[in-house]
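Here is a short tour of one protein model. Take a moment to look at the sequence and the picture before reading on.

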Amino acid sequence: MAEWKLVIEWATAGIELLAIAIVFTAILVASVQYLVTRFYRHAAAAAYRDYRVTLGKALLVGLEILVAADVIRTVALEPNFENVAILGLLVLIRTFLGWSLVVEIEGRWPWQPARPGAEE
């Protein structure tokens with residue numbers, strides 16, 4: 001019985017490390033792309049916009065993966081009321097952060113129509 005709990009702990013730790021690696025790699029790649037575009041092509045506005053979008057998308061993916069790890073850990077290891085309530089709060093906070101990132105990336109509220117030519 002204890003062996004599967006250890007497997008789940010290791011699996012969720014691996015999932016969390018994956019999320020961290022995705023965000024870290026995206027920061028490095030986006031930063032290099034920003035610097036190249038900004039200083040070699042002299043396109044400051046486009047470079048900054050692309051940098052923000054790339055970082056926002058990476059953070060969204062990282063948040064989604066972290067939520068998945070929390071769900072697995074809570075449901076598989078200790079599905080009591082207190083842990084489920086904490087999970088609900090974490091999911092609520094991360095959902096708000098994700099929604100805020102989407103608004104920041106798209107530059108509009110979800111109920112507003114997409115601008116012509118905007119990236120989907």
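In this predicted model, a polar atom of the Thr37 side chain lies 2.9 Å from the backbone oxygen of Gln33. Thr37 belongs to helix H1, residues 2-40 (a helix is a DSSP run of H or I with at least four residues, numbered from the N terminus). Leaving aside neighbours within four places in sequence, Thr37 is in contact (heavy atoms within 4.5 Å) with His42, Ala43 and Ala47.

How many aromatic pairs does the structure hold? There is one: Tyr34 and Tyr51, 5.1 Å centre to centre, with 40 degrees between the planes, which makes the pair tilted. Rings of Phe, Tyr and Trp (its six-membered ring) pair if their centres lie within 6.5 Å; planes under 30 degrees apart are stacked, over 60 edge-to-face, and the rest tilted. The pair links Tyr34 in helix H1 with Tyr51 in helix H2 (residues 44-77), 17 residues apart.

The table shows how accessible these residues are. Buried means under 20% relative accessible area, exposed over 50%, and partly exposed in between (1.4 Å probe, protein chains only).

| Residue | Relative accessibility | Class |
|---|---|---|
| Thr37 | 17% | buried |
| Tyr34 | 22% | partly exposed |
| Tyr51 | 21% | partly exposed |

Across the protein chain of 120 residues, 22% count as buried. The chain has three helices and zero strands.

Residues are numbered from 1 along each chain as its sequence is written. Local features need pLDDT of at least 70 and side-chain atom pairs count only at pLDDT 80 or more, while totals for chains, interfaces and linings use all residues; side-chain values use heavy atoms, without hydrogens and water.

Terms used: Helices (H or I, at least four residues) and strands (E, at least two) are DSSP runs, numbered from the N terminus. A polar contact is a pair of N or O atoms within 3.5 Å; within protein, one must be able to donate a hydrogen and the other to accept it, and residues adjacent in sequence count only if both atoms are side-chain atoms.
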